[in-house]
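Please look over the sequence and the model below before reading on. The report is meant for someone meeting this structure for the first time.

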Amino acid sequence: MPTTTRPTAPPTASAPAAPPARSARSAPAVRVGKAFLVTVVAVALSHVILSDGLFVSLVGQAATNMGAGPGYSSDVSFTSAVVNTTLTMALVLWVGMRLLRERRVYVMVLVGAVGWFLTVMANVDALLERAYGLLPLAPMALFVLVTALTAGLLRPVRR
């Protein structure tokens, strides 16, 4: 008896596996890590702006003490240094987190700006003792830690 072989159907090409869906939401630890890096950069930049502004304030105060005319007030320089450093902190925190593709960072920016203002005002005497002084490390480390941890409070929702 002749055997006939049935033609078998060629194997069907299965569809390639779909890549896992990417979430717009990163893990809390990753988000806090990003916030830590951004906060350290924001502190460094804000501290430079604060130190330079306070140096101008010290120069204005010395000029006034030596009898110079009313060129600029050391009080105005001090106030502008504090305002500029606070605004810089808020801006760098927001822009930095947005560049790292994190959304809903309002709480972090608010805590960072207010916390930086309070940290500066509580420790400004250390900066005014000499030109280009540094804020104490313990308050700055506490500020960085608290600000970075607040990034985990308000996270984007899945869509």
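This is a predicted model: local features need pLDDT of at least 70, side-chain atom pairs count only at pLDDT 80 or more; totals for chains, interfaces and linings use all residues.

Residues are numbered from 1 along each chain as its sequence is written, and side-chain values use heavy atoms, with hydrogens and water left out.

## Overall layout

The chain has four helices and zero strands, and its elements run α-α-α-α from the N terminus on. Helices here are DSSP runs of H or I with at least four residues, strands are runs of E with at least two, and both are numbered from the N terminus. Of the 159 residues in the chain, 31% are buried, where buried means under 20% relative accessible area, exposed means over 50%, and partly exposed lies in between (1.4 Å probe, protein chains only). Among the contacts between residues at least 6 apart in sequence, 80% join residues at least 24 apart; a contact means heavy atoms within 4.5 Å.

## Helix packing and the core

Two packed helices are described by the angle between their axes and the distance between the axes. The axes of helix α3 (residues 106-128) and helix α4 (residues 137-149) come within 10 Å and cross at roughly 170°, which makes α3 roughly antiparallel to α4. Axes are lines fitted to C-alpha atoms, for helices over the stretch in contact, and angles run from 0 to 180 degrees between N-to-C directions; those under 35 degrees count as roughly parallel, over 145 as roughly antiparallel, 65 to 115 as roughly perpendicular and the rest as oblique. On the α3 side the contact is made by M108, V111, G112, G115, W116, T119 and N123, and on the α4 side by P139, F143, V146 and T147. By class, this contact of α3 with α4 has six nonpolar, five polar and no charged residues (Ala, Val, Leu, Ile, Met, Phe, Trp, Tyr, Cys and Pro count as nonpolar, Asp, Glu, Lys and Arg as charged, and the others, Gly among them, as polar).

The largest nonpolar core has 26 residues, and those with the most contacts inside it are V43, M89, L93, M97 and W116. Such a core is a set of buried Ala, Val, Leu, Ile, Met, Phe, Trp, Tyr and Cys residues joined through side-chain atoms within 4.5 Å. Helices α1 (28-65), α2 (74-99), α3 and α4 each supply at least two residues of this core, and the largest share, seven residues, comes from α3. Not counting residues up to four places away in sequence, L93 touches V38, T39, A42, M108, V109, G112 and T147.

H47 has its place in helix α1 and counts as buried at 8% relative accessibility. Leaving aside its neighbours within four places in sequence, H47 is in contact with T85, W116, L127, G133, L134, L135 and M140.

## Charged pairs

Side chains of opposite charge can pair when their charged atoms come close. A salt bridge is counted where a side-chain nitrogen of Lys or Arg is within 4 Å of a carboxyl oxygen of Asp or Glu, and by this rule the count comes to two.

| Salt bridge | N to O distance |
|---|---|
| R31 and E102 | 2.7 Å |
| E102 and K34 | 3.0 Å |

The pair of R31 in helix α1 and E102 in the loop between α2 and α3 links distant parts of the chain, 71 residues apart. K34 also lies in helix α1, so its pair with E102 ties together parts that are 68 residues apart in sequence.

## Backbone and other single residues

Most residues other than glycine have a negative phi. R101, although not a glycine, has a positive phi of about 60°, and R104 has a positive phi near 55°. R101 has its place in the loop between α2 and α3, and R104 lies in the loop between α2 and α3 as well. R101 counts as exposed at 72% relative accessibility, whereas R104 counts as partly exposed at 33%.

Finally, S77 is found in helix α2 and counts as buried at 10% relative accessibility. The C-alpha atoms of S77 and L58 are separated by 8.7 Å, with the two residues 19 apart along the chain.
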